[in-house]
Amino acid sequence: MIDVAAMRNLWRTARAELAILGVTLALTVLRDLTEAIMVGTALGSLYFLRRLARMSGITATPVPLAEAEHQEQEAGTLILTLTGACFFGLAPILESVLERISETPRHLVVDLSAVPVIDQTGARSLAAFLRRECQRGTEKIWITHASPADRRALRSADLPAGTRFAASVESALACLNADVARTQPDREAT
């Protein structure tokens, strides 16, 4: 019942999975099959979540607005690109990004094009991050590439007022450029 070739392969490629298999096998022999299955499933789930969290990440890319006459005034657009699943394991990653951003961006574009799924806890973590950014002084937030299910999850997570959705990063930046161009005469008058 034990495939020795498969265990050798696990030894070479995935020792953590082999350890989970070993614990499950030991519990089967020493305790009870039901207990072994429950412990093996729990350990496998924790290992999967750990791997999933490691695959998730965020990159921050500052982008000056293309049409702004006064770049020093209008700079501060930041694109945050999320990758991997957006679930409760994303919260520490968002916190580390918040700490690394020394200057509060004036405009924030959150790109979800590489996010396959957002669960409710991930949506709440992201919404809390965006609310903190608004408290720090971010004026406009755009979320791009969100599926209808992602939009529902994010809206139910209490996004900051005025958060907008766009089909792509380019369309969000175009809207930001249009807003800046529209408000530019007002700033020159003051």
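How many salt bridges does the structure hold? There are 4 salt bridges, where a salt bridge is a side-chain nitrogen of Lys or Arg within 4 Å of a carboxyl oxygen of Asp or Glu. We'll get to some of them below.

First, some ground rules. This is a predicted model, where local features need pLDDT of at least 70, side-chain atom pairs count only at pLDDT 80 or more, and totals for chains, interfaces and linings use all residues. Residues are numbered from 1 along each chain as its sequence is written, and side-chain values use heavy atoms, with hydrogens and water left out.

**The overall layout**

The chain has 8 helices and 5 strands. Helices (H or I, at least four residues) and strands (E, at least two) are DSSP runs, numbered from the N terminus.

Of the 190 residues in the chain, 40% are buried. Buried means under 20% relative accessible area, exposed means over 50%, and partly exposed is in between (1.4 Å probe, protein chains only). A contact means heavy atoms within 4.5 Å. Among the chain's contacts with a separation of 6 or more, 71% are between residues 24 or more positions apart.

**On the outside**

The accessible surface of the chain is about 11,000 Å², and carbon and sulfur atoms hold 60% of that. These areas come from the Shrake-Rupley method with a 1.4 Å probe; for residues, only the protein chains shown count as cover.

I2, V4, L25, V29 and L30 make a nonpolar surface patch of about 500 Å². Patch residues have over 30% relative accessible area and no salt bridge; like charges are joined within 9 Å, and nonpolar side chains (Val, Leu, Ile, Met, Phe, Trp, Tyr) within 5 Å. Helix α2 (residues 15-30) gives the patch its largest share, 3 residues. V4 lies in helix α1 (residues 4-13) and is partly exposed, with a relative accessible area of 46%.

**On the inside**

In soluble globular proteins, nonpolar side chains tend to be buried together. A nonpolar core is a set of buried Ala, Val, Leu, Ile, Met, Phe, Trp, Tyr and Cys residues joined through side-chain atoms within 4.5 Å. The largest one here has 26 residues, and L112, L126, L130, I143 and L154 touch the most other members. At least two residues each come from β2 (77-83), α5 (91-100), β3 (107-114), α6 (120-136), β4 (140-144) and α7 (148-156). The most come from α6, with 5 residues. There's also a second, separate core of 8 residues, which includes W142, A172, L173 and L176.

Take L112, in strand β3. L112 is buried, at 2% relative accessibility. Leaving out residues up to four places away in sequence, L112 touches L82, I118, L126, I143, T144, H145, A146 and L154. One of those, H145, sits in the loop between β4 and α7; H145 has a positive phi of about 60° although it is not a glycine.

T138 is in the loop between α6 and β4, yet T138 is buried, at 5% relative accessibility. A polar atom of the T138 side chain lies 2.8 Å from the backbone oxygen of P105. Beyond its neighbours within four places in sequence, T138 is in contact with residues including T104, R106 and H107.

**Back to the salt bridges**

| Pair | N to O distance |
|---|---|
| R31 and E35 | 3.1 Å |
| R131 and D158 | 4.0 Å |
| R136 and E133 | 2.8 Å |

R131 lies in helix α6 and D158 in the loop between α7 and β5, so this pair ties together parts that are 27 residues apart in sequence. D158 also has a positive phi of about 70° although it is not a glycine. R136 and E133 both lie in helix α6, 3 residues apart, which is about one turn of the helix.

R31 counts as exposed, at 56% relative accessibility, and E35 as partly exposed, at 28%.

How values were computed. Polar contact = N/O pair within 3.5 Å; in protein donor to acceptor, adjacent residues only side chain to side chain.
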